[in-house]
Each structure stands twice: as structure tokens, then as C-alpha cells.
Amino acid sequence: MMEHEIRPGKGVRRTRKRIGRGNSAGQGTYAGRGLKGQKSRSGKPPRPGFEGGQLPLIKRLPEKRGFTNIFKTRYHLIKLTSLEIFDTGQQVGPVEMLDKGLLPNLKYPVKILGGDEISKAITVSATKFTTSAREAIEKAGGTTEVIGS
């Protein structure tokens, strides 16, 4: 077999229907559009979702309220009590938190949440601190450092 002898299998390639070319061509008279009505006329077909003047489904459904702010800054939130796993006097930043399993990744900036107390004096570096977290760390003898996001 040579390259110029290759042919598609029998019945694989169909010839397209030539619609509206007379009755002898097989698709004459109504040209597969049926009788009368908006879809049988020439010109543009009705737009997607058009229901013949009836109130369309998309307008019958209740509207979704609000929106999602795509510019919102998301943070990894760390509770103050979870920092107890670090040793006294240790420098704690996002990388150390990642190593200990407190963070899943370094994709988002870190925010330290208060509400509890910490018993060890550690130096914590994070993007943000709540006021109660900052006070609790300084009360325990530690320091806080704000780093860029």
C-alpha cells in the first residue's frame, strides 16, 4: 500500500445535505424546518433562552444576593495557644509554623489570633496580630514583629 492509495473506510465520510435546493435534492419545500412559525422563517433564530415571550426561566429564578470580593486578602489564622509547641526564646515565623504543621502552605499571609494566654516568652513574626494576641505575647515576656505580606 502506498500513501496515495489510502482511502477512508466505506461509509465513514458522508456528504453534507444540501438543504433548500429543490424537491429533487431531497430537502426542498420546507427544507427541514417544518411548517410556519418563528423558527421556520429566514433571518436570525431567537436568542438562547427565549421562550416565545413567556417570562424566561432565568428571570423567574430568585436573584443571588451579594458578591465575592476578588481583592479580599485571605489569611492563615493561628491561635495563640497553638504557639505553645515552640521553645522559650525561640524565633517563630511562618516558615517555623510550616515546619511544625501549623500552616498547610505559605500561600497566604499569617495572622495571630488572641483570646487566650501563652506561658512562654517567644518572638513571633507574622503579618498581623490581634490586639489581645499582641498583649498576651508581651505579657509573657515575648516580642512581636510585623512582617510584610
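**Core, sheets and salt bridges in a predicted model**

Q: Which residues in the largest nonpolar core touch the most other members?
A: In this predicted model, the largest nonpolar core has 17 residues, and those that touch the most other members are Ile78, Leu80, Leu83, Met97, Val110, Ile112 and Val124.

Q: And which elements each supply at least two residues of this core?
A: At least two core residues come from each of β3, β4 and α3, and the largest share, three residues, is the contribution of α3.

Q: What does valine 124 touch, not counting residues up to four places away in sequence?
A: With those neighbours set aside, valine 124 touches Leu83, Val92, Met97, Ile112, Phe129, Ile137, Thr143, Thr144 and Glu145.

Q: OK, on to the sheets: what is the order of the open sheet that has β4 in it?
A: That sheet has three strands in the order β2-β4-β6, and the pairing is parallel. Strands β2 (91-92) and β6 (143-146) stand at the edges with a single partner strand each, so one side of each has no neighbour in the sheet.

Q: How many bridges are there between β4 and β6?
A: Strand β4, which covers residues 123-126, pairs with β6 in the parallel sense over four bridges, and within this sheet serine 125 stands opposite glutamate 145 of β6.

Q: Which helix packs on that sheet?
A: Helix α3, made of residues 131-139, packs on the sheet and touches both β4 and β6, with its direction at about 140° to that of β6.

Q: Then the other one: in what order do the strands of the open sheet with β3 come?
A: The order is β1-β3-β5, again an open sheet of three strands with parallel pairing. Its edge strands are β1 and β5 (128-129), each of which pairs on one side only.

Q: How many bridges join β1 to β3, and how many join β3 to β5?
A: Four bridges join β1 to β3, the two running parallel, while β3 and β5, which also run parallel, are joined by two bridges. As for individual partners, histidine 76 is bridged to valine 110 in β3, and isoleucine 112 is bridged to phenylalanine 129 in β5.

Q: Which residues of β3 are on the covered face, and which on the uncovered one?
A: Val110 and Ile112 make up the covered face of β3, whereas Lys111 and Leu113 make up the uncovered one.

Q: Back to histidine 76: is it buried or exposed?
A: Histidine 76, which lies in strand β1 (residues 76-79), has a relative accessible area of 11%, so it counts as buried, the cut-off for that class being under 20%.

Q: What polar contact does the side chain of histidine 76 make?
A: The side chain of histidine 76 makes a polar contact with the side chain of asparagine 105 at 3.0 Å. Apart from neighbours within four places in sequence, histidine 76 is in contact with Leu103, Pro104, Asn105, Lys107, Tyr108, Pro109, Val110 and Lys111.

Q: Switching to charges, how many salt bridges does a search of the whole structure find?
A: The search finds two salt bridges. One joins glutamate 51 to arginine 60, with the closest N and O atoms 2.9 Å apart; the other joins lysine 139 to glutamate 117, with the closest N and O atoms 3.6 Å apart.

Q: Which parts does the lysine 139 and glutamate 117 pair tie together?
A: Lysine 139 lies in helix α3 and glutamate 117 in the loop between β3 (110-113) and β4, so the pair ties together parts that are 22 residues apart in sequence.

Q: Is lysine 139 buried or exposed, and what about glutamate 117?
A: Lysine 139 is exposed, at a relative accessible area of 67%, and glutamate 117 also counts as exposed, at 58%.

Q: Last topic: where is phenylalanine 50 found?
A: Phenylalanine 50 is found in the segment before α1 (57-60), and with a relative accessible area of 32% it is partly exposed.

Q: And how far apart are phenylalanine 50 and proline 94, in sequence and in space?
A: The two are 44 residues apart in sequence, and their C-alpha atoms are 54 Å apart in space.

Methods
Residues numbered from 1 in each chain as written. Predicted model: local features only at pLDDT ≥ 70, side-chain atom pairs only at ≥ 80, totals over all residues. Heavy atoms only, no water. Pairing = 2+ DSSP bridges. Contact = heavy atoms within 4.5 Å. Axes fitted to C-alpha atoms, helices over the stretch in contact; angles between N-to-C directions. Buried < 20%, exposed > 50% of the residue type's maximum accessible area, 1.4 Å probe, protein only. Polar contact = N/O pair within 3.5 Å; in protein donor to acceptor, adjacent residues only side chain to side chain. Salt bridge = Lys/Arg side-chain N within 4 Å of Asp/Glu carboxyl O. Core = buried A, V, L, I, M, F, W, Y, C linked by side-chain atoms within 4.5 Å.
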